[in-house]
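My notebook is open and the viewer is loaded. Here is what I looked up, entry by entry.

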Amino acid sequence: MILAADIGNTTVALAALEGRKVVFTRRLPGAPALDGGAWGAVFEKQLAGTGLPAPEGAVLSSVVPALTGPVGEGLERLTGRPTLVVEKDTPTGLSLEQYDVSNLGMDRVVDCVAALTLYGGPAAVFDLGTATTLSVADKDGRFLGGMILAGVSLGLEALAARAAQLPPVTLAPPEGVLGTDTISCMRHGALYGAVGAIESVSRRLEEELGPITVVLTGGHSSLVAPLLQIPVRWEPDLTFLGLGAILERNRI
Ligand SMILES: Nc1ncnc2c1ncn2[C@@H]1O[C@H](COP(=O)(O)OP(=O)(O)OP(=O)(O)O)[C@@H](O)[C@H]1O
Ligand SMILES: CC(C)(CO)[C@@H](O)C(=O)NCCC(=O)O
Ligand SMILES: [K+]
């Protein structure tokens, strides 16, 4: 069993994998004040009672630099071995030569590695988290780039903060296309806005790259995927599968 952690801007997502199968997942709030020891205790508590064997190794990717060290150390407490932190020079099989990697989010790299492992290229991954990202890899395993959009709930938060008559709104499945009150209009706007972006950008990508596998992941993808009118693969555990593949490749 190995542990994989995906440190995002809203949550630290933890998973256990046996071979290529994700057997356990938990989303934890990203607490900046915890040190390595405290993270280790948090992880131990989450895994207690699961019946999982002791972890043989751990891998993480992070887009929150302040959490990388403590979470990595926390995982080390459980494995007794160094945690593999996915960095821009980590061998992943994905070529990054086409992108200015100086500030590239490693979650986007991991998403592409996973999509290529599962489906081959070309593949387009939409990751619907705090931000919505598009990350595209071609058939030769090259990262081509993508897009970064405001995340589905971030848009709602911004509307509530900036418009006097717009209230805070939580996400829920829409009924029909048109909203019939303020809350459903905001909800439908957030969800169908993402739907429209994904459908139209995917169509344009196919014009440029030919037939492409479109993959959806991230916390908000469960609400958006069912609304799409184009074929997509919904992979809620995509990042963990990518992290597992990268650890496998780099195991000493
Ligand atoms: N299973 C789920 N169903 C519905 N919403 C979820 C689920 N899991 C997470 N979310 C919500 O989705 C949002 C995005 O979470 P997610 O874990 O994808 O990304 P994140 O932590 O924001 O990281 P990143 O910076 O990688 O986007 C969060 O606001 C979370 O509350
Ligand atoms: C866009 C996010 C926040 C999505 O998690 C992350 O991938 C990130 O911080 N990226 C840095 C910018 C880039 O990828 O070019
Ligand atoms: K994520």
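Before anything else, I noted that domain bounds come from an automatic or database domain assignment. I count a residue as near a molecule if one of its heavy atoms lies within 4 Å of it.

I'm working with a predicted model, where local features need pLDDT of at least 70, side-chain atom pairs count only at pLDDT 80 or more, and totals for chains, interfaces and linings use all residues. Residues are numbered from 1 along each chain as its sequence is written, chains are lettered from A and ligands numbered from 1 in the order written, and side-chain values use heavy atoms, leaving out hydrogens and water.

**Ligand 1**

How many residues surround ligand 1? I got 13, and the closest are Asn 9, Thr 11, Arg 27, Thr 130 and Gly 219. The shell takes at least three residues from each of domain 1 (2-85) and domain 2 (101-242).

Next I looked up polar contacts (to a ligand: a pair of N or O atoms within 3.5 Å). The side chain of Arg 27 has an N or O atom 2.3 Å from an oxygen atom of ligand 1. Gly 219 uses a backbone N or O atom, 2.6 Å from a ligand 1 oxygen. For Thr 10, a polar side-chain atom lies 2.8 Å from an oxygen of ligand 1. Taken alone, ligand 1 exposes 620 Å², and the protein buries 68% of that; these areas are Shrake-Rupley values with a 1.4 Å probe.

I sorted the shell of ligand 1 by class and wrote down 1 nonpolar, 10 polar and 2 charged residues. In this scheme Ala, Val, Leu, Ile, Met, Phe, Trp, Tyr, Cys and Pro are nonpolar, Asp, Glu, Lys and Arg are charged, and the others, Gly among them, are polar.

**Ligand 2**

Which residues are around ligand 2? Among them I found Asn 9, Tyr 99, Gly 105, Asp 107 and Arg 108. By class, I have 4 nonpolar, 4 polar and 2 charged residues here.

Asp 107 has a side-chain N or O atom 2.5 Å from an oxygen of ligand 2. For the side chain of Tyr 99, I read 2.7 Å to a ligand 2 oxygen. Gly 105 contributes a backbone N or O atom at 2.9 Å from an oxygen of ligand 2. On its own ligand 2 has 390 Å² of accessible area, and the protein covers 79% of it.

Most peptide bonds are trans. I found a cis one between Gly 121 and Pro 122, with omega about -5°.

Key:
A polar contact is a pair of N or O atoms within 3.5 Å; within protein, one must be able to donate a hydrogen and the other to accept it, and residues adjacent in sequence count only if both atoms are side-chain atoms.
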